[in-house]
Amino acid sequence: MRRGSILALIGIGTLAGGMATAVAVLLPWLPEDASKEAGRIDFVFWFTVGICIMIFALVVAVLLYSILNFRAKPDDDSDGPPIHGHTGLEIVWTLIPTILVTSIGIVSAIVLGRNDALGKNVLHVNVTAQQFAWSFQYPEAKNLTTGVLRLPVGRSVLLSFTALDVIHSFWVPQFGQKEDTVPGLHTHLHITPTKTGTFPVICTELCGLGHATMRTEAIVMTPAAFNKWLKGQTAATTSPNPTVSGAAVFKNNPCGSCHTLAAAGASGKIGPDLDKLPQWAKQAKQPLEQFIRTSITNPNAYTQPGFPKNVMPPFSSLPKAQLDALVQYLIQSSKKG
Ligand code: CUA
């Protein structure tokens with residue numbers, strides 16, 4: 001091969017590689033990393049992208065060079081020379097992809113192994129998925145249950161999933177992984193948050209009418225703030241005379257994603273309008289307080305006409321103090337509405 005041809009190939013390859021690198025690096029393809037695991041997964045991503053860019057540059061260089069130099073003249077109808085096989089070339093184009101694919105496999109296996117390895121002092125959180133809500137239970141805090149996931153930064157967290165009805169999938173983009181929740185199976189996800197902040201928790205498996213509303217938040221706090229919160233919550237739910245705010249219970253649970261309640265600024269349309277609770281209770285021929293209480297703990301006992309059964313999840317595990325506060329809050333705000 002002439003020296004000029006080699007230089008042309010290198011030039012085209014460098015240009016193509018540079019353009020592909022610019023597209024890869026300058027556009028924000030990935031969400032910000034907020035867990036150690038996400039950082040490792042991103043490394044596998046960029047390792048693979050790097051290989052792809054090299055192959056892309058090589059293919060574009062050979063392709064463009066061939067188009068420019070070896071294309072047939074307009075009136076040339078003759079066949080090309082009969083070339084059959086080239087053992088050296090075949091070995092090269094088998095060997096190089098084998099090495100590349102194997103190296104991606106090895107890097108991925110190392111990352112998978114590290115991501116699954118629990119750290120010391122693991123925080124266990126039981127996550128329940130149901131149409132259309134997430135709830136989070138902390139066994140180390142007397143099974144405190146919340147609708148928002150709170151985690152301390154820097155600590156190894158093992159999420160254990162239970163699905164009560166259909167398949168859902170847990171996803172916090174900044175944590176880098178998705179995990180399906182499957183009825184009858186116990187799935188797990190290990191994460192080690194690295195940044196404080198508020199991140200979205202998204203259901204990423206089509207699970208029914210309210211799938212798009214099946215969202216909540218993951219709040220990553222400093223360990224001191226997390227422990228303070230955990231202690232405060234545990235005290236509030238176990239002390240005999242807790243002052244629980246019904247508005248806070250409403251906000252901590254996913255009520256607002258399906259229901260409208262002006263006082264809480266909620267505008268969900270999946271379930272009945274809670275501003276009209278007195279009217280619904282009359283329709284159901286039940287006293288307002290009893291109607292609200294039953295509708296929360298055993299929603300299938302009576303379903304509002306025009307709304308399907310089995311959509312509202314039963315909030316039967318809500319501690320009594322929180323349930324009482326929520327019922328009073330709904331009575332007061334719906335009477336205003
Ligand atoms: Cu749960 Cu989609």
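Student: How many aromatic pairs does the structure hold?

Tutor: The structure holds eleven aromatic pairs. Rings of Phe, Tyr and Trp (its six-membered ring) pair if their centres lie within 6.5 Å; planes under 30 degrees apart count as stacked, over 60 as edge-to-face and the rest as tilted. One of them is Phe45 with Trp46, an edge-to-face pair at 5.0 Å centre to centre and 80° between the planes.

Student: What model is this, and which pLDDT do local features need?

Tutor: This is a predicted model, where local features need pLDDT of at least 70 and side-chain atom pairs count only at pLDDT 80 or more, while totals for chains, interfaces and linings use all residues. Residues are numbered from 1 along each chain as its sequence is written, and side-chain values use heavy atoms, with hydrogens and water left out.

Student: Back to the rings. What is the geometry of Tyr138 and Phe226?

Tutor: Tyr138 and Phe226 form a tilted pair, 6.2 Å centre to centre with 50° between the planes. Tyr138 lies in strand S2 (residues 133-138) and Phe226 in helix H4 (residues 223-238), so the pair ties together parts that are 88 residues apart in sequence. Helices (H or I, at least four residues) and strands (E, at least two) are DSSP runs, numbered from the N terminus.

Student: Tyr138 and Phe226: buried or exposed?

Tutor: Both Tyr138 and Phe226 are buried. Buried means under 20% relative accessible area, exposed over 50%, and partly exposed in between (1.4 Å probe, protein chains only).

Student: Which residues form an aromatic cluster?

Tutor: Trp134, Phe161 and Phe170 form one.

Student: Changing topic. How many salt bridges?

Tutor: The count comes to six salt bridges, each being a side-chain nitrogen of Lys or Arg within 4 Å of a carboxyl oxygen of Asp or Glu. Among them is Glu32 with Lys195, the closest N and O atoms being 3.5 Å apart.

Student: Where do Glu32 and Lys195 sit in the chain?

Tutor: Glu32 is in the loop between helix H1 (3-26) and helix H2 (36-70), and Lys195 is in the loop between strand S8 (187-191) and strand S9 (197-203). The pair links distant parts of the chain, 163 residues apart. Glu32 is partly exposed at 45% relative accessibility, and Lys195 is partly exposed at 34%.

Student: What about Lys320 and Asp324?

Tutor: Lys320 and Asp324 form a salt bridge with the closest N and O atoms 2.8 Å apart. Being four residues apart in helix H9 (residues 320-336), Lys320 and Asp324 are separated by about one helical turn. Lys320 is exposed at 60% relative accessibility, whereas Asp324 is partly exposed at 22%. Glu289, Arg293, Lys320 and Asp324 are linked in a network of salt bridges.

Student: Domains next. How is the chain divided?

Tutor: The chain is divided into domain 1 (3-69 + 88-116), domain 2 (123-223) and domain 3 (239-336), with bounds from an automatic or database domain assignment. The centres of domain 1 and domain 2, taken over C-alpha atoms, are separated by 34 Å.

Student: What do domain 1 and domain 2 bury between them?

Tutor: Domain 1 and domain 2 bury about 990 Å², 52% of it on carbon and sulfur atoms. Buried area is the accessible area (1.4 Å probe) that two parts lose on being put together, summed over both.

Student: Which residues in domain 1 lose the most area to domain 2?

Tutor: Glu32, Ala34 and Glu37 do, together giving 45% of what that side buries. The count between domain 1 and domain 2 is one salt bridge.
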